[in-house]
Amino acid sequence: MGFQTVSNQLEYKKISPVELVRQSLANIERDNPTYNAFITVCETEAMAAAKIAEEEMMKEVRRSPFHGIPIAVKDIIFTKGIRTTMGSEMYKNFTPDYDATVITKLKEAGAIIIGKAHTHEFAVGPIGDVSGFGPCRNPYNPEKIAGGSSSGSAVAVATKMAFAALGTDTGGSIRIPASACGIVGMKPTFGLVSKYGIHNLAYTLDHPGPMTRNVMENALLLTILAGQDDKDLFTIQRPAEDYSRFIGSSIQGKTIGIPSYYYQNLESEVATKMEEVIHTYHMLGANVVNVELEKIDEIIRAQSMTIRAEIYAEHAENIMNNRQGYHPNVYAGILDCKGVSSSDYIRAQQQRHQLIEGFNHVFNKVDVLLTPTLPIVPTTIGQNVVQLGDQRELVGDALIRLNRPTNFTGNPGLSIPCGFSSSGLPIGFQLIGKHWDEALLYQLGYAYEQSTNSTR
């Protein structure tokens, strides 16, 4: 059953939260050994929360559309009394004594935490194949990568082990696994969703966000998660929004930009799918125009300097004292980040406002940008290099290439499924908007989804 059906059945008491949690736990027991989506399953806690939700519903209390709905949470998001491993053996017994703000918001909405989802160790990687708990596996082919670092969150949703999930995105870590696993993932505007209680990857680039089976669910979940938080000084005070408010409205006359940077070095099947997506938006009445992005090369360089410097700063003390605690690949990656000088980092931050303004000039001409989410289809676990035409590219570099610019600029990005490769692997596209334009992205994403009957 889909989310909307289940949510309605819960509201009208045709199914109970206890039954729903039991169903999710049964799905986890059946499928998690194959896909490794969960590091920790919260059976006791979920059943207790389900009984409370059931009692509330019997008293006609309805907290939100997610009241009584099982949700997976990326295992770098702190959960009081439930272990939070960061995907690392070092933290396999770590149990926080407080909840992240996003967890508090989920609980206030009546959602049920069903488990802590797999993450690439410390979220330091876009592939999802490296952790202290083994690789996460693609729901359409277990020999293929799920994408990372919010790998388990995407797989849990795609396999119906959970109805929705929370992830984080620093260089694409929501959008990459969303595309690779055939679900919807939103990286919101930086500062829209609190990072308090979430283990830092790179603290000026991290974006928490929702991962769901379709666009409407994603908008409803973001409405719950968004909001200023005194515990996170990066959050912005803004009026509360219903991010689903434009869903179902015509997109006739909207202008969609096709930025050339995002269409270079694509696998042929990705390029073909993008042509189909562009044609669909033409048929829906949108104007589609080619655009160029200002300062995109500078943005990419500045994002690289920023993420590397901030990753190393987060791990500098621990990595010197506890080398053996890290997976060798993660250790090498973090150590490589040491090479960023303080002057390079400071220069990147000094340029940041100017670069963000330059990127956003494009929205004087268009309403949104339309891009591939990934230039490739999911690769085989353990594969290090992919061939794109006459060029070879590291798999990790390919995965982040089309996602990392907007982690630096803070613009929202929504990844939406748009079909499958000839080998049956998901392909996704991305809508990028102005800061705070999430509702518009959902409007356009929903229009595509409905026109292609691609809701799940």
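1. How many residues lie between β4 and β5 in the hairpin that they form? There are two residues between these strands, and the strands themselves, β4 (residues 137-138) and β5 (residues 141-145), run antiparallel and are joined by two bridges. Asn-138 stands opposite Asn-141 in β5. Strands (E, at least two residues) and helices (H or I, at least four) are DSSP runs numbered from the N terminus, and two strands pair if DSSP finds at least two bridges between them.

2. Please bear in mind that this is a predicted model, in which local features need pLDDT of at least 70 and side-chain atom pairs count only at pLDDT 80 or more, while totals for chains, interfaces and linings use all residues. Residues are numbered from 1 along each chain as its sequence is written, and side-chain values use heavy atoms, with hydrogens and water left out.

3. Lys-13, which follows α1, has a positive phi, near 60°.

4. Ala-219 lies in helix α7 (residues 215-225) and counts as buried because its relative accessibility is 0%. Leaving aside neighbours within four places in sequence, Ala-219 is in contact (heavy atoms within 4.5 Å) with Tyr-243, Ser-244, Ile-247 and Tyr-442. The C-alpha atoms of Ala-219 and Tyr-442 are separated by 6.7 Å, although the two are 223 residues apart along the chain.

Methods
Buried < 20%, exposed > 50% of the residue type's maximum accessible area, 1.4 Å probe, protein only.
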